[in-house]
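Subject: Structure handover

Hello,

Here is the structure I promised to pass on. Please open it next to this email and follow along.

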Amino acid sequence: RQRQMCIRDSLRIMLSDIISSGLSAVAISNVTGISKIDLSRFKNGQINLIDADADKLNKYLSLVHIPTSI
């Protein structure tokens, strides 16, 4: 259970960082099928995603690359 919380925490941080870098929650929602509301609540620590959604989000965010400079 503790390991699962660690994974959820790191996923929450990754989501927050990527949204802060410019990718919108709407775009993430459109690709993953996870509602924007659930993404927002997850990012803010109000809910945990179900395992299937957490897996989808993790797979998608691991593929995202946001350039830091041009």
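A salt bridge is a side-chain nitrogen of Lys or Arg within 4 Å of a carboxyl oxygen of Asp or Glu. Keep that cut-off in mind for what comes next. One caution before we start: this is a predicted model.

**Salt bridges**

Side chains of opposite charge can pair when their charged atoms come close. How many salt bridges does a search of the whole structure find? The search finds three.

Start with Arg8 and Asp51. Their closest N and O atoms are 2.6 Å apart, which is within the 4 Å cut-off. This pair links distant parts of the chain. Arg8 sits in helix H1 (residues 2-20), and Asp51 sits in helix H4, 43 residues apart. Is Arg8 buried or exposed? Arg8 is buried, because its relative accessible area is 8% and buried means under 20%. Asp51 has 43% relative accessibility, so Asp51 counts as partly exposed.

Next, look at Arg12 and Asp9. They form a salt bridge, with 3.4 Å between the closest N and O atoms. Both residues lie in helix H1. They are three residues apart, about one turn of the helix. An α-helix has 3.6 residues a turn, so residues three or four places apart point the same way. Arg12 is buried, at 14% relative accessible area. Asp9 counts as partly exposed, at 35%.

Then find Lys56 and Asp53. Their side chains meet in a salt bridge, 3.4 Å from N to O. Lys56 and Asp53 are separated by about one helical turn, because they are three residues apart in helix H4. Lys56 is partly exposed, with a relative accessible area of 38%. Asp53 counts as buried, at 16%.

**Rings**

Arg12 has a second contact to check. Arg12 lies over the face of Phe42, at 4.4 Å from the ring centre. What about aromatic pairs? A search of the whole structure finds zero.

**Helix H4**

Helix H4 covers residues 51-63, which makes 13 residues. At 1.5 Å a residue, H4 should span 18 Å. Its end C-alpha atoms are 19 Å apart, which agrees.

Which residues of H4 are buried? They are Asp53, Ala54, Leu57 and Leu61. Seen down the axis of H4, these buried residues fall within an arc of 100°, so they line one face of the helix. On the other side of H4, Lys59, Ser62 and Leu63 are exposed.

**Helix H2**

Now move to helix H2 (residues 25-32). Its buried residues are Ala25, Ile28, Ser29 and Thr32. Down the axis of H2, its buried residues fall within an arc of 100°, so they too line one face of the helix. Asn30 and Val31 are exposed on the other side of H2. Gly33 follows H2, and its phi is positive, near 80°.

**A loop residue**

Last stop: Gln46. Where is Gln46? Its place is in the loop between helix H3 (36-43) and H4. Gln46 is exposed, because its relative accessible area is 57% and exposed means over 50%. Cys6 is 40 residues from Gln46 along the chain. The C-alpha atoms of Gln46 and Cys6 are separated by 16 Å.

Over to you.

Best wishes

Note on methods:
Residues are numbered from 1 along each chain as its sequence is written. This is a predicted model: local features need pLDDT of at least 70, side-chain atom pairs count only at pLDDT 80 or more; totals for chains, interfaces and linings use all residues. Side-chain values use heavy atoms; hydrogens and water are left out. Rings of Phe, Tyr and Trp (its six-membered ring) pair if their centres lie within 6.5 Å; planes under 30 degrees apart count as stacked, over 60 as edge-to-face and the rest as tilted. A charge sits over a ring if NZ of Lys or CZ of Arg is within 6 Å of the ring centre and within 35 degrees of the ring normal. Helices (H or I, at least four residues) and strands (E, at least two) are DSSP runs, numbered from the N terminus. The expected span of a helix is 1.5 Å times one less than its number of residues. Buried means under 20% relative accessible area, exposed over 50%, partly exposed in between (1.4 Å probe, protein chains only). The arc is that of the directions from the helix axis to the C-beta atoms.
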